[in-house]
Amino acid sequence: MRLTILGSGTNIHPTRAASGYLVRTDQTILLDFGPRTLVNLLKTGVNRHRITHILFSHYHADHFSDFITYFFDAMIFTKYQGGTRPPLTVIGPRGTKKFFRALFATLPGFTHAPFAVHFKEVADRAFTIGKTTVIPRTVTHTQNLHCLGYRIEYGGKALAYSGDSQYCDSLVRLCGDVDLAVLDCSFPASRPSPVHLHAGQCGQVAREAGVGRLVLSHFYPITERYNVREQAGEAFGGKIVVARDLMAIRL
Ligand SMILES: [Zn+2]
Ligand SMILES: [Zn+2]
């Protein structure tokens with residue numbers, strides 16, 4: 001399994017794209033699709049027209065907005081440039097179908113794509129894509145919003161992605177004994193937010209879950225001024241990686 005970080009920042013960040021991750025198993029899967037991550041996806045050399053599954057954690061714009069550009073491009077490619085592509089399955093939390101129904105009904109041409117598009121709402125039940133197992137788990141982020149973290153298992157390895165999350169038991173369970181956990185490190189421990197983890201809590205989750213490697217990601221600009229590795233390391237003695245865009249990690 002290979003993970004490429006497409007974006008390790010948030011909506012507006014001077015040097016990082018927002019949330020997006022490319023996971024390669026027997027499948028090529030996108031986890032979230034925030035602003036500026038599409039440009040980084042092109043830089044990986046992956047054929048964007050072969051992507052069959054996009055998994056969304058939630059629909060805050062920093063996790064979603066490049067989907068619109070991506071889908072519009074896919075329509076141009078298949079309608080006017082002689083291209084073909086496999087069906088696209090969009091998977092996300094409760095509200096996914098309603099959200100995309102409204103979006104597709106509003107954006108010109110979106111309901112007339114010449115390829116199949118499927119929308120699937122998932123909660124806390126595992127499913128497979130080919131030989132890859134995906135375990136979504138509800139995490140706590142903002143009030144009244146269903147947010148998912150994802151655990152992906154393939155070839156005897158496991159990766160967890162928190163999406164956006166506060167500290168919660170569910171997140172610790174999601175990350176249980178994974179080889180690699182990518183956690184929402186929006187803020188430093190000294191400038192916490194009520195709806196995101198801070199660096200110290202990332203370390204706490206990694207320790208409690210028995211994570212192999214901890215990847216800190218989803219940085220707000222202010223967080224760049226602090227030593228998040230050191231803050232996470234106060235709770236977690238394992239390997240800590242500070243994410244960079246286009247960083248590739250093999251599991
Ligand atoms: Zn969010
Ligand atoms: Zn976010």
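Let's start with the sheet: seven strands form an open sheet in the order S6-S5-S4-S3-S2-S1-S14, and the pairing is mixed. Pairing here requires at least two DSSP bridges between two strands, and the elements themselves are DSSP runs numbered from the N terminus, with helices being H or I of at least four residues and strands E of at least two. From one strand to the next, the twist averages 20 degrees.

Before going on, some housekeeping. This is a predicted model, where local features need pLDDT of at least 70 and side-chain atom pairs count only at pLDDT 80 or more, while totals for chains, interfaces and linings use all residues. Residues are numbered from 1 along each chain as its sequence is written, chains are lettered from A and ligands numbered from 1 in the order in which they are written, and side-chain values use heavy atoms, leaving out hydrogens and water.

Threonine 89 is found opposite histidine 118 in S6. Helix H2 (residues 66-80) packs on the sheet, touching strand S3 (28-33), strand S4 (53-55), S5 and S6; a contact is heavy atoms within 4.5 Å. The direction of H2 makes about 165 degrees with that of S5, and helix H3 (residues 96-106), lying across S5 and S6, runs at about 145 degrees to S6. Those angles run from 0 to 180 degrees between N-to-C directions, with axes fitted to C-alpha atoms, for helices over the stretch in contact.

Now for the metals. The zinc ion (ligand 1) has His58 (NE2), His60 (ND1), His141 (NE2) and Asp164 (OD) as protein donors, at 2.1 to 2.3 Å. Donors are N, O and S atoms within 2.8 Å of the metal (3.2 Å for Na, K and Ca), and sites may look incomplete because water is not among the atoms. The four donor atoms subtend angles of 92 to 166 degrees, so the arrangement is irregular.

The zinc ion (ligand 2) takes Asp62 (OD), His63 (NE2), Asp164 (OD) and His218 (NE2) as protein donors, at 2.1 to 2.2 Å. Its four donor atoms subtend 89 to 156 degrees, which again makes the arrangement irregular. What bridges the two zinc ions? Aspartate 164 does, and the ions lie 3.6 Å apart.

Which loops hold aspartate 164 and histidine 218? Aspartate 164 is in the loop between strand S10 (157-161) and helix H4 (169-174), and histidine 218 in the loop between strand S12 (213-217) and helix H6 (228-233), 54 residues apart. Aspartate 164 is buried at 2% relative accessible area, and histidine 218 is buried at 3%; buried means under 20%, exposed over 50% and partly exposed in between, with a 1.4 Å probe and protein chains only. Histidine 58 and histidine 141 are both buried too.

Zooming out, the chain has six helices and 14 strands, and 57% of its 251 residues are buried.

Technical notes:
Tetrahedral: all angles 85-135°; square planar, octahedral: opposite > 155°, others 65-115°.
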